[in-house]
Amino acid sequence: MEERRVVLVTGGSRGIGKAIARKFAKEGYNLVINYVSDKTNIEELKQEFESFGIQTLFVKTDVTNSEDCENMVKQAIDTFGKIDVLVNNAGITKDNLLMRMKEEDFDQVININLKGTFNVTKSVVPMMMKKRYGKIINISSVVGVSGNAGQSNYAASKAGIIGFTKSVAKELASRNILANAIAPGFIATDMTDVLSQEVKDHINAQIPLKRMGSAEEIANAVYFLGNEENTYITGQVLNIDGGMLM
């Protein structure tokens, strides 16, 4: 029997991360998922993902803590022997206009979104280099490309992820490790569900496809970049935004 591939998804317990984890599970990948809160419904998620015939490992991890990240990767390797695909998806927002933004809100967003991506990647890469195989997909955002009023912290973190991804792609290409970023536009998740219909209509009017994207559409693109058929795409930023930024 062919050995299963293994994917590590940060922030894989809800929203886009959960959709990404589900897609890889459906395709037969064993899953490693970090979670932050004890309130996360691990058993329910475990049952859902393992219904596809794969194994899961959930590790409580603070991505801003490098020791935590190293421990998560060690547990993953002890359990599955390797990590083939890394998806850095963990992220938060703390939106405000620059003049009203608190320093701690800037720091927290940079720490989780950007430093978290650095910490997890640095922990995973030595094993990938040894295997001379790996796919790294970092979840950025269209606001990391275009900027957005009221999101200077978030946009800076997501622009940083793009620069980080391109640098890592150049460093690791000789070891057959491919690194790419995905920049989602407006995606229908718990965060957008709370918006009024008026606000949603205003958003949709700016999108050529006239609708928000789905978490599954992001997951399909992540899988496209992460599976073994992708052998020549690296250092790229794929905007998935319904044409918003063209």
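Trainee: Which residue in β4 is the bridge partner of Leu-8?
Mentor: In β4, that partner is Leu-86. Strands here are DSSP E runs of at least two residues, helices are H or I runs of at least four, and both are numbered from the N terminus. This is a predicted model, where local features need pLDDT of at least 70 and side-chain atom pairs count only at pLDDT 80 or more, while totals for chains, interfaces and linings use all residues. Residues are numbered from 1 along each chain as its sequence is written, and side-chain values use heavy atoms, leaving out hydrogens and water.

Trainee: Okay! How many bridges join β1 to β4?
Mentor: There are 3, and the two strands run parallel. For strands to pair, DSSP has to find at least two bridges between them.

Trainee: And what about β1 and β2, how many bridges there?
Mentor: β1 and β2 (residues 30-35) are joined by 4 bridges and also run parallel. Val-32 is the β2 bridge partner of Leu-8. To get from β1 to β2, the chain passes through helix α1 (residues 15-26), making a right-handed β-α-β crossover. Right-handed means that, with the strands pointing away from the viewer, the path from the first strand over the helix to the second runs clockwise.

Trainee: Which way do the residues of β1 point, and are they buried or exposed?
Mentor: Val-6 and Leu-8 point one way, Val-7 and Val-9 point the other way, and all are buried. Buried means under 20% relative accessible area, exposed means over 50%, and partly exposed lies in between (1.4 Å probe, protein chains only).

Trainee: New topic: which residues of α2 are buried?
Mentor: In α2 (residues 42-50), Ile-42, Leu-45 and Phe-49 are buried. They sit on the same side of α2 because they cover an arc of only 65° around the axis. That arc is taken from the directions from the helix axis to the C-beta atoms.

Trainee: What's on the other side of α2?
Mentor: Glu-43, Glu-44 and Gln-47 are there, and they are exposed.

Trainee: What do the buried residues of α2 pack against?
Mentor: They pack against α1, β2 and β3 (56-60). Contact means heavy atoms within 4.5 Å.

Trainee: Last one: where is Ile-77, and what is it in contact with?
Mentor: Ile-77 is in helix α3 (residues 66-80). Leaving aside neighbours within four places in sequence, Ile-77 is in contact with Lys-82 and Met-127. Ile-77 is partly exposed, with a relative accessible area of 29%.
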